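This note is meant for a colleague who is meeting the structure for the first time. Please keep the sequence and the model in view while reading the numbered points.

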Amino acid sequence: MTKRKPIVGMSLKMYHNLLKKAADFAEIIDQLVGEEEEIEQFLFPGMGTLYPVSLKLKSSVIGFGSQNIAPAANGAYTGEFSIESLIDMSGSYVEIGHSERRSLFHETDEMIADKVQLTIESGLIPVLCIGEPKESTNFEWIKSFLENQLSMDLKKIAKEKLKTVIIAYEPVWAIGAANAASAEHVAKVHTLIRESLFNLFGTEAAEKIRIIYGGSVSKDNVSAIVSNENVDGVFVGRFGHDPKNYQAIVESVKTIKK
């Protein structure tokens, strides 16, 4: 079995919007877990706070990135955020295809595919979010839905470049919910995603692409979630906005994935 480096990522969405607050938050988590080289970590701060956060993390093993980019590096895209700006700040990651971007801002799979392609061509790491819209135990339907997303969103990437992509499985019904999807559900779906990657892109992509789970991840449920071999880490939301909770999540993933 291919050894894959575990990941803990976190998004602040549109919280911690004040420049000092965001920078202080980044500094605190860097002090707590900024030397954990066994775990790959990244932070997606609010878009308006990217620069001060970048300064705090410039010497940290914790990477950072943007929650969105325009589908082109530059041009007449009023109000959008350019990947060129992110690169200039030494950002490494781009979150693409989150369900809120798909639903609230009507991003299509075609646009998402363009963003993934631009990110790869720019030498950065796309964190591609996929997930079924409603809770279901019909795993055949779930696999079909997610495989279609993967097929559409990764269609512009050459197979040999797919290994840098991070897939974030985020069932829409679990995002912001009181409870995460069960560990059993997560394990089953991650296995199906791995199978879909094999069907679509072959053995190398299926073995090397890392798949992380997001959706109400907390310090209480993370150990059970990452215990499956196909779950390569977690994508943390509001339960990580307390730095101590985030630290506990990182430590749990490190312990389980030794």
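A residue is called buried here if its relative accessible area is under 20%, and exposed if that area is over 50%. The model under discussion is a predicted one.

1. Strand 8 and its partners. Strand 8 comprises residues 233-236 and is covered on both faces. Gly 233 and Phe 235 are buried on one side, and Val 234 and Val 236 are buried on the other. Strand 1 (residues 7-11) pairs with strand 8 in the parallel sense over four bridges, and the bridge partner of Ile 7 in strand 8 is Gly 233. Strand 7 also pairs with strand 8 in the parallel sense, over two bridges; here Gly 214 has Phe 235 as its bridge partner.

2. Strands 3 and 4. Parallel pairing over two bridges joins strand 3 (residues 62-66) to strand 4 (residues 93-96). Within this pair, Ser 66 stands opposite Val 94 of strand 4.

3. The nonpolar cores. How many residues does the largest nonpolar core have? The number is 62, and the residues with the most contacts inside this core are Val 8, Leu 43, Leu 154, Ile 167, Ile 193, Tyr 213 and Val 234. Apart from it lies another core, of ten residues, which include Phe 44, Tyr 93, Ile 166 and Ala 168. Leaving aside neighbours within four places in sequence, the contacts of Leu 43 include Met 10, Leu 12, Phe 25, Ile 29, Val 53 and Phe 64.

4. Helix 5. The 13 residues of helix 5 should span 18 Å at 1.5 Å a residue, and the end C-alpha atoms of the helix are 18 Å apart, which agrees. Buried in helix 5 are Ile 112, Ala 113, Lys 115, Val 116, Leu 118, Thr 119 and Ile 120. The elements that cover these buried residues include helix 3 (83-88), strand 4, helix 4, strand 5 and helix 6. After helix 5 comes Gly 123, with a positive phi near 85°.

5. Lys 115. Beyond neighbours within four places in sequence, Lys 115 is in contact with Asn 68, Ile 69, Ala 70, Pro 71, Ile 96 and Glu 107. Lys 115 and Asn 68 are 47 residues apart in sequence, while their C-alpha atoms are 8.8 Å apart in space.

6. Helix 6. Ile 142, Leu 146, Gln 149, Leu 150 and Asp 153 are buried in helix 6. They lie on the same side of helix 6, because they cover an arc of only 95° around the axis. These buried residues pack against helix 4 (99-104), helix 5, strand 5, strand 6 and helix 7. The face of helix 6 turned away from the buried side carries the exposed residues Glu 140 and Ser 144.

7. Glu 140. Glu 140 has a relative accessible area of 69% and is therefore exposed, the limit being over 50%. Between Glu 140 and Lys 56 there are 45 Å in space, C-alpha to C-alpha, and the two are 84 residues apart in sequence.

8. Ser 218. A loop between strand 7 (210-214) and helix 9 (222-226) holds Ser 218. This residue is buried, with a relative accessible area of 9%. Not counting residues up to four places away in sequence, Ser 218 touches Phe 239 and Ile 249.

Definitions and conventions
Residues numbered from 1 in each chain as written. Predicted model: local features only at pLDDT ≥ 70, side-chain atom pairs only at ≥ 80, totals over all residues. Heavy atoms only, no water. Core = buried A, V, L, I, M, F, W, Y, C linked by side-chain atoms within 4.5 Å. Buried < 20%, exposed > 50% of the residue type's maximum accessible area, 1.4 Å probe, protein only. Contact = heavy atoms within 4.5 Å. Pairing = 2+ DSSP bridges. Arc of directions from axis to C-beta. Expected span 1.5 Å × (residues − 1).
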